[in-house]
Amino acid sequence: MLLNKWLSSVADAGREMLSGKEGSRAPKTLEDYCAELMSNKGEALGTAIANEVALSYQATDDEAKLQFFHHLLEKYSPNPDAVIEYANAYREEPNYDTYVALSEAVEAPRQKLFKRMNMATKGTEVIVSLRRDFLRLVKSHPELKPIDFDLLHLLKSWFNRGFLTIAEIDWNTPAVILEKLIEYEAVHFMSGWDDLKKRLGTNRRCYAFFHASLPNEPLIFVEVALVNGLANSIHPLLDPDSVPIEENKPLDTAIFYSISNCQSGLAGISFGNFLIKQVVMELKKELPELTQFATLSPIPTFRRWLSKELENKNSPYLTHTTRSTLSLLNETDWSNSQEHCELLQPVLMTLCAQYLVKAKKSDKPYDPVTRFHLGNGARIEKINWMGDTSTKGLGQSAGLLVNYFYAIDEVEKNHEAFVNKGTIVHSKEVAKLLQGN
(Lines give C-alpha, C1' and ligand atoms only; values in the text may rest on other atoms or scores of the structure.)
Protein backbone atom coordinates (compact mmCIF):
# COMPACT_ATOMS: atom_id res chain seq x y z
CA MET A 1 0.00 0.00 0.00
CA LEU A 2 2.81 2.40 0.94
CA LEU A 3 4.61 1.51 -2.27
CA ASN A 4 1.50 2.29 -4.34
CA LYS A 5 1.14 5.68 -2.59
CA TRP A 6 4.78 6.47 -3.25
CA LEU A 7 4.47 5.50 -6.92
CA SER A 8 1.35 7.64 -7.24
CA SER A 9 3.12 10.64 -5.72
CA VAL A 10 6.04 10.17 -8.14
CA ALA A 11 3.60 9.98 -11.06
CA ASP A 12 1.71 13.07 -9.86
CA ALA A 13 4.94 15.06 -9.56
CA GLY A 14 5.97 13.93 -13.01
CA ARG A 15 2.65 14.95 -14.53
CA GLU A 16 3.02 18.45 -13.10
CA MET A 17 6.55 18.72 -14.49
CA LEU A 18 5.43 17.36 -17.88
CA SER A 19 2.45 19.73 -18.17
CA GLY A 20 4.66 22.69 -17.30
CA LYS A 21 7.30 21.57 -19.75
CA GLU A 22 4.91 21.10 -22.66
CA GLY A 23 2.87 24.25 -22.13
CA SER A 24 0.84 25.05 -25.20
CA ARG A 25 2.97 23.15 -27.71
CA ALA A 26 1.38 20.92 -30.32
CA PRO A 27 0.36 17.38 -29.17
CA LYS A 28 3.08 14.76 -29.41
CA THR A 29 2.92 11.45 -31.18
CA LEU A 30 3.66 8.06 -29.66
CA GLU A 31 7.03 8.10 -31.41
CA ASP A 32 7.76 11.56 -29.95
CA TYR A 33 7.04 10.38 -26.41
CA CYS A 34 9.28 7.32 -26.92
CA ALA A 35 12.18 9.54 -28.01
CA GLU A 36 11.67 11.77 -24.99
CA LEU A 37 11.44 8.75 -22.68
CA MET A 38 14.77 7.48 -23.98
CA SER A 39 16.48 10.83 -23.41
CA ASN A 40 15.03 11.60 -19.96
CA LYS A 41 16.93 10.51 -16.85
CA GLY A 42 14.73 11.76 -13.98
CA GLU A 43 12.40 9.27 -12.28
CA ALA A 44 9.39 11.54 -11.73
CA LEU A 45 9.35 12.97 -15.24
CA GLY A 46 10.32 9.59 -16.68
CA THR A 47 7.32 7.96 -15.01
CA ALA A 48 5.02 10.66 -16.40
CA ILE A 49 6.41 10.24 -19.92
CA ALA A 50 6.13 6.44 -19.62
CA ASN A 51 2.45 6.92 -18.73
CA GLU A 52 2.01 9.08 -21.83
CA VAL A 53 3.66 6.37 -23.95
CA ALA A 54 1.31 3.77 -22.45
CA LEU A 55 -1.79 5.92 -23.00
CA SER A 56 -0.74 6.83 -26.55
CA TYR A 57 -0.12 3.19 -27.43
CA GLN A 58 -3.47 2.05 -26.00
CA ALA A 59 -5.25 4.71 -28.07
CA THR A 60 -3.81 3.49 -31.40
CA ASP A 61 -5.56 1.33 -33.97
CA ASP A 62 -3.93 -1.58 -35.81
CA GLU A 63 -2.59 0.60 -38.60
CA ALA A 64 -0.87 2.92 -36.11
CA LYS A 65 0.42 -0.06 -34.08
CA LEU A 66 1.97 -1.52 -37.23
CA GLN A 67 3.58 1.83 -38.00
CA PHE A 68 4.94 1.94 -34.45
CA PHE A 69 6.43 -1.58 -34.72
CA HIS A 70 8.18 -0.61 -37.96
CA HIS A 71 9.47 2.49 -36.16
CA LEU A 72 10.89 0.26 -33.41
CA LEU A 73 12.62 -1.86 -36.02
CA GLU A 74 14.06 1.09 -37.93
CA LYS A 75 15.06 3.44 -35.10
CA TYR A 76 15.72 1.10 -32.15
CA SER A 77 17.77 -1.74 -33.63
CA PRO A 78 21.49 -2.31 -32.89
CA ASN A 79 24.02 -0.44 -35.03
CA PRO A 80 25.62 -3.18 -37.19
CA ASP A 81 28.84 -1.19 -37.68
CA ALA A 82 29.26 -0.80 -33.92
CA VAL A 83 28.59 -4.50 -33.37
CA ILE A 84 31.28 -5.48 -35.87
CA GLU A 85 33.73 -2.93 -34.42
CA TYR A 86 33.32 -4.14 -30.84
CA ALA A 87 33.23 -7.80 -31.89
CA ASN A 88 36.62 -7.34 -33.58
CA ALA A 89 37.94 -5.56 -30.47
CA TYR A 90 36.75 -8.41 -28.24
CA ARG A 91 38.30 -10.99 -30.55
CA GLU A 92 41.63 -9.14 -30.47
CA GLU A 93 41.58 -8.56 -26.71
CA PRO A 94 38.89 -10.51 -24.81
CA ASN A 95 38.75 -8.70 -21.49
CA TYR A 96 36.09 -7.17 -19.25
CA ASP A 97 35.98 -3.80 -21.04
CA THR A 98 35.70 -5.20 -24.56
CA TYR A 99 33.11 -7.76 -23.38
CA VAL A 100 30.90 -5.06 -21.82
CA ALA A 101 31.28 -2.82 -24.87
CA LEU A 102 30.27 -5.67 -27.20
CA SER A 103 27.30 -6.62 -25.01
CA GLU A 104 26.03 -3.04 -25.00
CA ALA A 105 26.46 -2.75 -28.78
CA VAL A 106 24.55 -5.98 -29.43
CA GLU A 107 21.60 -5.13 -27.16
CA ALA A 108 18.87 -3.40 -29.15
CA PRO A 109 17.97 0.10 -27.85
CA ARG A 110 14.32 -0.96 -27.87
CA GLN A 111 15.07 -3.17 -24.84
CA LYS A 112 15.93 0.00 -22.95
CA LEU A 113 12.75 1.59 -24.29
CA PHE A 114 10.60 -1.32 -23.08
CA LYS A 115 12.27 -1.18 -19.66
CA ARG A 116 11.48 2.51 -19.41
CA MET A 117 7.91 1.94 -20.60
CA ASN A 118 7.61 -0.42 -17.65
CA MET A 119 7.96 2.64 -15.35
CA ALA A 120 4.35 3.52 -16.22
CA THR A 121 1.68 2.90 -13.60
CA LYS A 122 0.48 -0.19 -15.49
CA GLY A 123 3.60 -0.61 -17.58
CA THR A 124 3.87 -4.39 -17.40
CA GLU A 125 0.23 -4.80 -18.37
CA VAL A 126 0.70 -2.50 -21.37
CA ILE A 127 3.84 -4.33 -22.54
CA VAL A 128 2.06 -7.70 -22.28
CA SER A 129 -0.82 -6.28 -24.36
CA LEU A 130 1.72 -4.80 -26.79
CA ARG A 131 3.21 -8.25 -27.35
CA ARG A 132 -0.29 -9.71 -27.80
CA ASP A 133 -0.88 -7.17 -30.57
CA PHE A 134 2.57 -7.81 -32.01
CA LEU A 135 2.06 -11.59 -32.22
CA ARG A 136 -1.19 -11.01 -34.08
CA LEU A 137 0.27 -8.52 -36.57
CA VAL A 138 3.67 -10.14 -37.16
CA LYS A 139 2.01 -13.09 -38.90
CA SER A 140 1.58 -10.94 -42.00
CA HIS A 141 4.75 -8.88 -41.39
CA PRO A 142 7.58 -11.36 -40.66
CA GLU A 143 10.21 -8.64 -41.14
CA LEU A 144 9.26 -7.45 -37.64
CA LYS A 145 10.32 -10.70 -35.94
CA PRO A 146 13.55 -9.28 -34.40
CA ILE A 147 11.39 -7.16 -32.09
CA ASP A 148 10.00 -10.29 -30.46
CA PHE A 149 13.47 -11.44 -29.45
CA ASP A 150 13.75 -8.37 -27.25
CA LEU A 151 10.22 -8.64 -25.88
CA LEU A 152 10.74 -12.31 -25.03
CA HIS A 153 14.08 -11.62 -23.40
CA LEU A 154 12.53 -9.10 -21.02
CA LEU A 155 9.27 -10.93 -20.33
CA LYS A 156 11.07 -14.19 -19.53
CA SER A 157 13.04 -12.43 -16.82
CA TRP A 158 10.06 -10.46 -15.50
CA PHE A 159 7.81 -13.54 -15.38
CA ASN A 160 10.33 -15.90 -13.83
CA ARG A 161 8.67 -18.79 -11.97
CA GLY A 162 9.98 -17.45 -8.67
CA PHE A 163 7.79 -14.35 -9.00
CA LEU A 164 4.51 -16.28 -9.32
CA THR A 165 2.10 -16.98 -6.48
CA ILE A 166 -0.64 -19.59 -6.32
CA ALA A 167 -4.17 -18.96 -5.00
CA GLU A 168 -7.23 -21.17 -4.70
CA ILE A 169 -10.28 -19.85 -6.54
CA ASP A 170 -13.73 -20.44 -5.08
CA TRP A 171 -17.19 -18.89 -5.17
CA ASN A 172 -16.06 -16.25 -2.65
CA THR A 173 -13.20 -15.03 -4.86
CA PRO A 174 -13.73 -11.42 -6.08
CA ALA A 175 -16.00 -11.23 -9.12
CA VAL A 176 -13.32 -9.52 -11.22
CA ILE A 177 -11.25 -12.74 -11.00
CA LEU A 178 -14.19 -15.08 -11.50
CA GLU A 179 -15.13 -13.21 -14.67
CA LYS A 180 -11.59 -13.80 -15.93
CA LEU A 181 -12.02 -17.54 -15.39
CA ILE A 182 -15.05 -17.53 -17.68
CA GLU A 183 -13.33 -15.27 -20.22
CA TYR A 184 -9.99 -17.09 -20.34
CA GLU A 185 -11.20 -20.70 -20.26
CA ALA A 186 -9.37 -22.10 -23.28
CA VAL A 187 -10.00 -25.85 -23.09
CA HIS A 188 -13.69 -26.39 -22.32
CA PHE A 189 -15.96 -23.43 -23.08
CA MET A 190 -17.94 -21.89 -20.20
CA SER A 191 -21.26 -20.34 -21.17
CA GLY A 192 -21.52 -18.18 -18.07
CA TRP A 193 -22.01 -18.09 -14.30
CA ASP A 194 -24.03 -21.33 -14.11
CA ASP A 195 -21.20 -23.28 -15.74
CA LEU A 196 -18.68 -21.59 -13.47
CA LYS A 197 -20.68 -22.49 -10.36
CA LYS A 198 -20.59 -26.16 -11.35
CA ARG A 199 -16.83 -26.02 -11.81
CA LEU A 200 -16.39 -24.49 -8.36
CA GLY A 201 -18.92 -26.80 -6.70
CA THR A 202 -18.69 -29.90 -4.55
CA ASN A 203 -15.63 -32.07 -5.27
CA ARG A 204 -14.17 -29.42 -7.54
CA ARG A 205 -11.13 -27.23 -7.03
CA CYS A 206 -9.58 -24.40 -9.02
CA TYR A 207 -6.18 -22.74 -8.66
CA ALA A 208 -4.67 -19.71 -10.34
CA PHE A 209 -1.13 -18.37 -10.66
CA PHE A 210 -0.59 -14.61 -10.36
CA HIS A 211 2.25 -12.11 -10.81
CA ALA A 212 2.61 -9.07 -8.55
CA SER A 213 2.62 -6.69 -11.53
CA LEU A 214 -0.74 -8.05 -12.74
CA PRO A 215 -2.69 -8.58 -9.49
CA ASN A 216 -6.09 -8.88 -11.18
CA GLU A 217 -4.87 -10.76 -14.25
CA PRO A 218 -4.38 -14.51 -13.67
CA LEU A 219 -1.64 -16.10 -15.76
CA ILE A 220 -2.78 -19.71 -15.54
CA PHE A 221 -5.94 -21.45 -14.30
CA VAL A 222 -5.94 -25.13 -13.26
CA GLU A 223 -9.35 -26.78 -12.82
CA VAL A 224 -9.54 -30.01 -10.81
CA ALA A 225 -12.19 -32.70 -10.30
CA LEU A 226 -12.04 -35.07 -7.32
CA VAL A 227 -13.20 -38.53 -8.46
CA ASN A 228 -12.72 -42.24 -7.91
CA GLY A 229 -10.11 -43.67 -10.30
CA LEU A 230 -8.94 -42.23 -13.63
CA ALA A 231 -11.64 -40.30 -15.49
CA ASN A 232 -12.10 -41.31 -19.12
CA SER A 233 -14.77 -38.85 -20.26
CA ILE A 234 -14.92 -35.07 -19.93
CA HIS A 235 -18.70 -34.68 -19.86
CA PRO A 236 -19.30 -35.88 -16.25
CA LEU A 237 -16.51 -33.55 -15.08
CA LEU A 238 -18.04 -30.50 -16.77
CA ASP A 239 -21.58 -31.32 -15.65
CA PRO A 240 -21.41 -33.36 -12.43
CA ASP A 241 -25.18 -33.11 -11.98
CA SER A 242 -25.64 -35.30 -15.05
CA VAL A 243 -24.07 -38.33 -13.32
CA PRO A 244 -25.58 -40.05 -10.26
CA ILE A 245 -23.35 -39.92 -7.17
CA GLU A 246 -22.05 -43.42 -6.33
CA GLU A 247 -22.21 -44.03 -2.61
CA ASN A 248 -19.31 -45.58 -0.69
CA LYS A 249 -16.78 -44.87 -3.44
CA PRO A 250 -13.81 -42.94 -2.05
CA LEU A 251 -12.62 -39.87 -3.90
CA ASP A 252 -9.01 -40.98 -4.31
CA THR A 253 -8.01 -39.20 -7.54
CA ALA A 254 -7.51 -35.58 -8.55
CA ILE A 255 -8.11 -35.03 -12.26
CA PHE A 256 -6.71 -31.86 -13.83
CA TYR A 257 -9.18 -31.44 -16.65
CA SER A 258 -8.53 -27.88 -17.80
CA ILE A 259 -5.32 -25.86 -17.75
CA SER A 260 -5.67 -22.46 -19.40
CA ASN A 261 -2.88 -20.00 -20.21
CA CYS A 262 -4.67 -16.69 -19.81
CA GLN A 263 -2.30 -14.11 -21.33
CA SER A 264 -1.74 -14.50 -25.07
CA GLY A 265 0.90 -11.77 -24.81
CA LEU A 266 3.00 -14.23 -22.77
CA ALA A 267 2.86 -17.03 -25.37
CA GLY A 268 6.11 -18.97 -25.55
CA ILE A 269 7.15 -18.01 -22.02
CA SER A 270 7.56 -20.96 -19.68
CA PHE A 271 6.42 -20.43 -16.10
CA GLY A 272 8.53 -23.34 -14.90
CA ASN A 273 8.36 -27.10 -15.10
CA PHE A 274 6.68 -27.92 -11.81
CA LEU A 275 3.48 -25.86 -11.77
CA ILE A 276 1.31 -28.96 -11.62
CA LYS A 277 3.38 -30.41 -8.80
CA GLN A 278 2.71 -27.24 -6.80
CA VAL A 279 -1.04 -27.73 -7.31
CA VAL A 280 -0.62 -31.36 -6.22
CA MET A 281 1.10 -30.22 -3.03
CA GLU A 282 -1.78 -27.81 -2.30
CA LEU A 283 -4.30 -30.63 -2.78
CA LYS A 284 -2.31 -33.05 -0.61
CA LYS A 285 -2.25 -30.54 2.24
CA GLU A 286 -6.04 -30.25 2.16
CA LEU A 287 -6.90 -33.84 1.18
CA PRO A 288 -4.22 -36.34 2.30
CA GLU A 289 -6.49 -39.23 1.25
CA LEU A 290 -5.82 -38.50 -2.43
CA THR A 291 -3.52 -41.15 -3.90
CA GLN A 292 -3.60 -40.45 -7.65
CA PHE A 293 -3.02 -37.29 -9.65
CA ALA A 294 -3.65 -37.23 -13.38
CA THR A 295 -5.08 -35.14 -16.19
CA LEU A 296 -7.85 -35.69 -18.67
CA SER A 297 -6.36 -33.72 -21.52
CA PRO A 298 -7.28 -32.76 -25.07
CA ILE A 299 -5.10 -33.70 -28.02
CA PRO A 300 -5.55 -30.44 -29.93
CA THR A 301 -3.42 -31.10 -33.02
CA PHE A 302 -4.03 -34.82 -33.59
CA ARG A 303 -6.48 -34.42 -36.51
CA ARG A 304 -4.25 -31.72 -38.06
CA TRP A 305 -1.25 -34.08 -37.90
CA LEU A 306 -3.36 -36.91 -39.27
CA SER A 307 -4.40 -34.78 -42.25
CA LYS A 308 -0.74 -34.07 -43.05
CA GLU A 309 0.09 -37.76 -42.86
CA LEU A 310 -2.81 -38.60 -45.20
CA GLU A 311 -1.36 -36.12 -47.71
CA ASN A 312 2.05 -37.78 -47.39
CA LYS A 313 2.12 -40.80 -49.70
CA ASN A 314 5.19 -42.12 -47.89
CA SER A 315 3.88 -41.72 -44.35
CA PRO A 316 5.51 -44.29 -42.04
CA TYR A 317 2.34 -44.39 -39.95
CA LEU A 318 -0.28 -45.23 -42.58
CA THR A 319 -0.98 -48.28 -44.71
CA HIS A 320 -3.40 -48.60 -47.60
CA THR A 321 -5.90 -50.28 -45.27
CA THR A 322 -5.70 -47.61 -42.57
CA ARG A 323 -6.07 -44.88 -45.19
CA SER A 324 -9.26 -46.52 -46.38
CA THR A 325 -10.61 -46.81 -42.83
CA LEU A 326 -9.75 -43.20 -42.01
CA SER A 327 -11.88 -42.03 -44.94
CA LEU A 328 -14.85 -42.78 -42.68
CA LEU A 329 -13.95 -39.63 -40.73
CA ASN A 330 -15.27 -37.69 -43.72
CA GLU A 331 -18.78 -38.94 -42.97
CA THR A 332 -20.80 -36.20 -41.29
CA ASP A 333 -22.23 -38.33 -38.47
CA TRP A 334 -19.50 -40.97 -38.19
CA SER A 335 -19.29 -40.77 -34.37
CA ASN A 336 -22.93 -41.88 -34.03
CA SER A 337 -22.46 -44.94 -36.23
CA GLN A 338 -21.58 -48.06 -34.24
CA GLU A 339 -20.26 -49.75 -37.38
CA HIS A 340 -17.96 -46.84 -38.24
CA CYS A 341 -16.72 -46.54 -34.66
CA GLU A 342 -15.88 -50.25 -34.45
CA LEU A 343 -13.74 -49.91 -37.56
CA LEU A 344 -12.13 -46.62 -36.56
CA GLN A 345 -11.40 -47.28 -32.89
CA PRO A 346 -8.40 -49.65 -33.22
CA VAL A 347 -6.90 -47.57 -36.05
CA LEU A 348 -7.27 -44.21 -34.30
CA MET A 349 -6.11 -45.52 -30.92
CA THR A 350 -2.90 -46.93 -32.43
CA LEU A 351 -2.27 -43.83 -34.52
CA CYS A 352 -2.86 -41.59 -31.51
CA ALA A 353 -0.30 -43.55 -29.46
CA GLN A 354 2.20 -43.19 -32.30
CA TYR A 355 1.39 -39.50 -32.56
CA LEU A 356 1.92 -38.85 -28.85
CA VAL A 357 5.11 -40.91 -28.50
CA LYS A 358 6.80 -40.77 -31.91
CA ALA A 359 5.63 -37.69 -33.88
CA LYS A 360 8.09 -34.84 -33.49
CA LYS A 361 8.41 -31.14 -34.25
CA SER A 362 11.94 -29.74 -33.83
CA ASP A 363 12.96 -32.85 -31.83
CA LYS A 364 10.09 -32.32 -29.38
CA PRO A 365 6.68 -34.03 -29.25
CA TYR A 366 4.41 -32.67 -31.97
CA ASP A 367 1.56 -32.19 -29.53
CA PRO A 368 1.82 -29.01 -27.38
CA VAL A 369 -0.09 -30.51 -24.43
CA THR A 370 2.25 -33.50 -24.42
CA ARG A 371 5.25 -31.17 -24.36
CA PHE A 372 3.78 -29.31 -21.39
CA HIS A 373 2.97 -32.34 -19.24
CA LEU A 374 6.14 -34.30 -20.00
CA GLY A 375 8.08 -31.14 -19.15
CA ASN A 376 6.21 -31.11 -15.84
CA GLY A 377 7.26 -34.70 -15.12
CA ALA A 378 4.16 -36.68 -16.08
CA ARG A 379 3.93 -39.89 -18.07
CA ILE A 380 1.47 -40.72 -20.86
CA GLU A 381 -0.87 -43.10 -19.08
CA LYS A 382 -3.98 -43.88 -21.13
CA ILE A 383 -5.78 -42.89 -24.34
CA ASN A 384 -9.56 -42.70 -23.98
CA TRP A 385 -11.93 -43.50 -26.82
CA MET A 386 -14.82 -41.04 -27.22
CA GLY A 387 -13.72 -39.07 -24.18
CA ASP A 388 -14.91 -35.80 -25.73
CA THR A 389 -17.77 -36.06 -28.22
CA SER A 390 -18.31 -32.32 -28.47
CA THR A 391 -17.96 -30.68 -31.89
CA LYS A 392 -14.59 -29.29 -30.80
CA GLY A 393 -13.41 -32.63 -29.43
CA LEU A 394 -14.37 -34.54 -32.57
CA GLY A 395 -12.79 -31.88 -34.78
CA GLN A 396 -9.49 -31.74 -32.90
CA SER A 397 -8.88 -35.35 -31.92
CA ALA A 398 -11.71 -37.56 -33.24
CA GLY A 399 -13.10 -37.56 -29.69
CA LEU A 400 -9.95 -38.96 -28.07
CA LEU A 401 -8.61 -37.70 -24.74
CA VAL A 402 -5.45 -38.69 -22.87
CA ASN A 403 -4.57 -39.15 -19.22
CA TYR A 404 -1.15 -37.85 -18.18
CA PHE A 405 -0.20 -39.37 -14.81
CA TYR A 406 1.74 -37.55 -12.10
CA ALA A 407 3.46 -40.08 -9.85
CA ILE A 408 4.84 -37.75 -7.18
CA ASP A 409 8.01 -39.74 -6.53
CA GLU A 410 8.79 -39.94 -10.25
CA VAL A 411 8.08 -36.37 -11.38
CA GLU A 412 11.66 -35.10 -11.16
CA LYS A 413 13.07 -38.25 -12.78
CA ASN A 414 10.59 -38.08 -15.68
CA HIS A 415 11.25 -34.37 -16.14
CA GLU A 416 15.02 -34.88 -16.31
CA ALA A 417 14.65 -37.81 -18.74
CA PHE A 418 12.47 -35.71 -21.04
CA VAL A 419 14.54 -32.53 -20.90
CA ASN A 420 17.98 -34.14 -21.13
CA LYS A 421 17.34 -37.22 -23.27
CA GLY A 422 14.01 -36.55 -24.97
CA THR A 423 12.52 -39.65 -23.31
CA ILE A 424 8.75 -39.97 -23.75
CA VAL A 425 7.74 -41.82 -20.59
CA HIS A 426 4.59 -43.88 -21.19
CA SER A 427 2.63 -46.73 -19.63
CA LYS A 428 2.48 -50.40 -20.63
CA GLU A 429 -1.03 -49.79 -21.97
CA VAL A 430 0.24 -47.13 -24.37
CA ALA A 431 3.18 -49.38 -25.31
CA LYS A 432 0.71 -52.10 -26.35
CA LEU A 433 -1.10 -49.61 -28.58
CA LEU A 434 2.21 -48.72 -30.22
CA GLN A 435 2.54 -52.38 -31.18
CA GLY A 436 -0.96 -52.40 -32.60
CA ASN A 437 -2.37 -54.56 -29.81
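The protein comprises 20 helices and nine strands, where helices (H or I, at least four residues) and strands (E, at least two) are DSSP runs numbered from the N terminus. The structure is a predicted model, in which local features need pLDDT of at least 70 and side-chain atom pairs count only at pLDDT 80 or more, while totals for chains, interfaces and linings use all residues. Residues are numbered from 1 along each chain as its sequence is written, and side-chain values use heavy atoms, with hydrogens and water left out.

Taken along the principal axes, the box filled by the C-alpha atoms is roughly 75 × 55 × 45 Å. Of the 437 residues, 49% are buried (under 20% relative accessible area, with a 1.4 Å probe and protein chains only). Among contacts (heavy atoms within 4.5 Å) between residues at least 6 apart in sequence, 71% join residues at least 24 apart.

The protein exposes about 22700 Å², of which carbon and sulfur atoms supply 52%, the areas coming from the Shrake-Rupley method with a 1.4 Å probe. The mean positions of the 48 positive and 56 negative charges lie 3 Å apart; Lys and Arg count as positive and Asp and Glu as negative, with His and the chain ends not counted, and each charge is placed at NZ of Lys, CZ of Arg, CG of Asp or CD of Glu.

With a disulfide defined as a pair of cysteine sulfur atoms within 2.5 Å, the count comes to zero. Cys206 is in no disulfide, the nearest cysteine sulfur being that of Cys262, 9.1 Å away. For Cys262, the closest cysteine sulfur is likewise in Cys206, too far for a bond. Cys206 counts as buried at 1% relative accessibility, and Cys262 counts as buried at 8%.

How values were computed:
Buried < 20%, exposed > 50% of the residue type's maximum accessible area, 1.4 Å probe, protein only.
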